[in-house]
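Open the model in your viewer and switch to a cartoon view. We will go through it one selection at a time.

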Amino acid sequence: MSTARELILHIGHYKTGTTALQVFLESNRALLAQQGLNYADAPVKFSKHSALAFSLLRAAGVTELMHDFRNKHSAQELWQQLFTATRALPEGASMLVSSEEFIRLGAHPAAAALLRAQIDTARDLRFRVVVYLRPPQEHLKSWYNQLVKMGIDVGSFDAAVRAQMEAVHWDYALALKPWIEIFGPEAIVLRSFETSLRVGDGLFEDFLAGLGHGLPLAAVTGSRDPNPRMDDRLLGIRRALNRSGLSADMARQVMDRAQSSLDAEAASDALTDAPGFDTIRQRAEDAIAALAALPGAEGLDATVLRAALPAPQDATERQLEQTVAVLSFELAQMRTIQLRQALRLNLLEKRLDKAEAAGTGAPAKPDDEA
């Protein structure tokens with residue numbers, strides 16, 4: 001086994017459990033260090049090392065999706081500090097940094113060139129690059145949901161994929177191109193992100209296994225998703241709010257009311273004792289057959305009746321109906337608030353009229369506030 005110090009770069013992809021992984025790694029930093037896997041404590045913010053990626057992107061002139069990055073240190077300063085910390089590890093130990101922002105370097109060759117310049121100063125270290133990939137359409141849907149949730153003004157899903165998302169979100173070869181060229185294909189650790197990894201400690205175990213480590217027995221894994229997906233049924237509403245100019249607090253109130261309305265709808269659908277549609281459909285069909293067998297059923301066309309047996313509402317139709325219901329509720333709320341404020345304003349104006357009349361000796365208007 002090589003005794004060289006190693007630097008492991010976990011580069012994402014987005015929407016592959018990266019936030020959960022980063023929280024896990026930071027929460028278990030001491031335990032993992034005992035296994036020789038050291039989760040870097042700088043430059044870290046929100047459990048991740050995005051400053052390392054952002055510094056390269058900023059130096060390359062990138063301004064979009066920089067998430068309020070204000071770190072004043074240059075890419076050279078940040079990367080050299082990381083190399084120094086890695087060289088200070090015991091022989092054979094590994095330093096680990098993680099940020100899904102790294103994956104963007106595939107869309108920005110100038111930033112990738114800056115990374116190569118830094119890596120060329122640390123060839124005494126070993127490198128590995130870990131990346132998770134999920135089926136492209138699943139990824140695109142999830143990333144679109146995230147963009148809308150973040151308040152970014154994006155168009156429809158089709159428009160966003162074609163013109164607003166960087167190509168690394170659907171061209172995985174482009175996403176990995178700079179990493180393969182800089183570190184060599186043998187340094188790339190590819191992992192497949194599947195829904196099953198969300199169950200229990202599956203993601204943490206899979207990530208550590210890919211690096212040759214096991215899950216520490218005393219590891220803190222947590223039970224809450226640190227970056228929950230927004231309800232897809234609210235995407236259209238949130239997109240409209242992102243363009244409305246409403247304050248963040250007001251937009252959040254609208255979203256909370258919309259979510260409550262949808263939750264109430266889901267609760268009303270959770271009928272445990274009622275028959276399912278398979279049962280309803282079969283009973284309806286059996287009833288038609290029984291009636292068709294009656295002596296006086298010559299005028300009954302059973303084929304026509306069977307052509308439209310009971311079935312659940314079409315998913316698209318249901319989603320439209322739910323959206324209309326949510327928006328109608330919100331409109332009613334706004335009209336109620338508007339009416340209440342108008343009445344309050346009217347009352348205040350009448351009181352002001354009384355005060356002015358009392359001060360000038362003019363006759364006051366009749367009091368019809370009741």
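Predicted model: local features only at pLDDT ≥ 70, side-chain atom pairs only at ≥ 80, totals over all residues.

Five of them form an open sheet in the order β2-β3-β1-β4-β5, and their pairing is parallel. Now colour residues 37-39 (β2) and 188-192 (β5): these strands stand at the edges with a single partner strand each, so one side of each has no neighbour in the sheet. Look along the sheet and you can follow its twist, which averages 25 degrees from one strand to the next.

β2 and β3 pair in the parallel sense over three bridges.

Next come the helices. Select residues 202-210 for helix α9, which lies across β1, β2, β3, β4 and β5 and runs at about 145 degrees to β4. Then select residues 75-87 for helix α4, which lies across β1 (6-10), β3 and β4 (126-133). Its direction is at about 130 degrees to β1.

Our last stop is in helix α4: pick threonine 86. Is threonine 86 buried or exposed? Its relative accessibility is 0%, so threonine 86 counts as buried. Show its side chain and you will find a polar atom 2.9 Å from the backbone oxygen of leucine 82. To see what else surrounds threonine 86, display Arg5, Glu6, Leu7, Met95 and Leu125: these are its contacts once neighbours within four places in sequence are left aside.

Terms used:
Residues numbered from 1 in each chain as written. Heavy atoms only, no water. Pairing = 2+ DSSP bridges. Helix = DSSP H or I, 4+ residues; strand = E, 2+ residues; numbered from the N terminus. Axes fitted to C-alpha atoms, helices over the stretch in contact; angles between N-to-C directions. Contact = heavy atoms within 4.5 Å. Buried < 20%, exposed > 50% of the residue type's maximum accessible area, 1.4 Å probe, protein only. Polar contact = N/O pair within 3.5 Å; in protein donor to acceptor, adjacent residues only side chain to side chain.
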